[in-house]
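Welcome to this short briefing on one structure.

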Amino acid sequence: MSLDSSTIASKWREFGLLALCFALALLPPFLVELWKGYSGVHYLYDSRNPYILNTLLISALFSLGLAWVTMHAGRLQRLLFALLLLPLTLLGTLALVHVALYDAPISVGAVDALLGTDLHEATEYLSFNWNTGMTLSVAGYGALYGAAVFWAWQGLSPGRPRAAAQVLALSVLAVLALSAYRFPAIAAYNLKAFEQRPLWSRAAELNRQLPSIRILHDVGNWLAYRQWLEETQQVRSGHDFGAVLGDASRPRTLVLVIGESLRRDRMSLYGYSRPTTPHLDARRKRILAFDGAISPSNQTVPSVTKMLTPATIQEPDRFLTEPSILAAAKKAGYRTYWLSNQGRVGQFDSLISLIAHDAETTVFTNTEFYGTVYDEALLHPLEVALSEPHPHKLIVLHTLGSHQSYRNRYPPEKAVFHTKDYVGEVPDEEQASILAEYDNSVRYTDEVLDGILRKLESRPGSMLLYVSDHGERLYEKGVDTCGHGFPEPMRSEFDIPYFLWCHGECPRVLKRIHSRNRGVAFNTENLFHTLANLLALKMAEYDPKSDVLSPKYRPVWHPQIIDVNRGIHAYASLPE
Ligand SMILES: [Zn+2]
């Protein structure tokens, strides 16, 4: 077929429009992630610089392919094109909806949320959390795809391509402007290391920068994760604690709240001068608070895995071959729930998810650590769990608490403490503002705990045990770091709150033990035994000597901790 010059010109205009459709399908999630400036995300660490390059590369590849198609395009080819556009439209919608829902880039955790939950659960969660951003994402992509199909069917009238070319030019300008705006952040990353990687690795990394393409990579990672999960669960389920319920006549609901990076001395419940926990303070008389709790590690995974399973500092990997207290409780007739606002798959999350899946009901209100989904998201699934008619329940709430960045852990309007109040305590204003943010996150945790306790106050037989996974370093004694998980740990990374609340009043025996043990040092690597006690489980694994709530508890005079390199130290030998 031969083409005259005016036909070629119109074909080129047509091509411009089709390229625009592809660009519009691919770019919005990418631009939104760029505009949000998401950082601390693993796949961006060494390759933020090539953002612009990547956009151009992908566009060029699509353009070449499209140019060839459109030069020969009739209605059939255009419709084929519209069909090809469909998966990109769906992936783009998904990526944008994820940002609107979690304020975090789409990841393997999101894939798990999508493919790992059943349709009913997912629909219920979405309808409960639907927001304007999600409506806009769906409507925008719907309109785009509708327009593409219409054009594919109709072909082009002469006036339209010019407008399309203008929109295309504006889109390119917008990309460049946004990239330039973000350039200071982008330039901070190491382009050199990226350039030294082999070509295929660079190409793969570049592709992953586009959220719609990244989802496909994440599906691969998710499949590998599911296989690991299944195999490990199979091994663990071979181990049976043989737990039975000691006193089945009494209804029991135990809510275990696992805090995050909360330090004891930052709570007014424990004597901190600023009112960070007013709701707990008001219940002080009803709370049995322990002053000597130490976490086994200064990181989430090694702490939580030891708290909930027979794993210890000496035998840290037992959780990979033996199940958790959830499995024991389930065996003894409890309904078990794991409600989490932390991530679900990934370097810091998969090992916790292994334990989470010991529960009969597992709800994740977040897909990753970096999101800004506040812990109050857990209140609704908690309400659902509490309202189920079962006399015995174990409900674990895994909160995001005070994890860095602290300012993302509470709604801005809930800030009570301000930078100016902290200026004299640390060398500079930035550190002062971080301290204020930390205390605000504690104050918000107190509010979430109040919400939980209000629900439990109308349920006789309920108990709440709160324990943080580890402490936090906060610029004390001239150290210019904050956070946790440092290779050379300090005591502040292990000093954690640990308290029990009971409906009505705690049993007399517990009050007596509390007054005896409240000041003694104990390590939460033994929480497994205390939980067995509170759940009235009878099993051979239970060791009353390790249970701080047992009259037979034998205090450990020199508690130990395990560092990030698995070195074991006496807690007392750590710098304060
Ligand atoms: Zn943690």
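Strand β2 (residues 252-259) runs parallel to strand β8 (residues 462-468), and 7 bridges join them. This is a predicted model, in which local features need pLDDT of at least 70, side-chain atom pairs count only at pLDDT 80 or more, and totals for chains, interfaces and linings use all residues. Residues are numbered from 1 along each chain as its sequence is written.

**The sheet**
- L254 has M463 of β8 as its bridge partner.
- The open sheet has 7 strands in the order β3-β11-β8-β2-β7-β5-β6, with mixed pairing; strands (E, at least two residues) are DSSP runs numbered from the N terminus, as are helices (H or I, at least four), and two strands pair if DSSP finds at least two bridges between them.
- β3 (287-290) and β6 (361-364) stand at the edges with a single partner strand each, so one side of each lacks a neighbour in the sheet.
- From one strand to the next, the twist averages 10°.

**The helix pair**
- Helix α16 (residues 379-387) and helix α17 (residues 429-456) have axes that come within 11 Å and cross at roughly 15°; axes are lines fitted to C-alpha atoms, for helices over the stretch in contact, with angles from 0 to 180 degrees between N-to-C directions.
- That makes α16 roughly parallel to α17 (angles under 35 degrees count as such).
- L379, L382, E383 and L386 of α16 make the contact with G451, I452 and K455 of α17 (C-beta atoms, placed from the backbone, within 7 Å).

Notes: Parallel < 35°, antiparallel > 145°, perpendicular 65-115°, else oblique. Contact = placed C-beta atoms within 7 Å.
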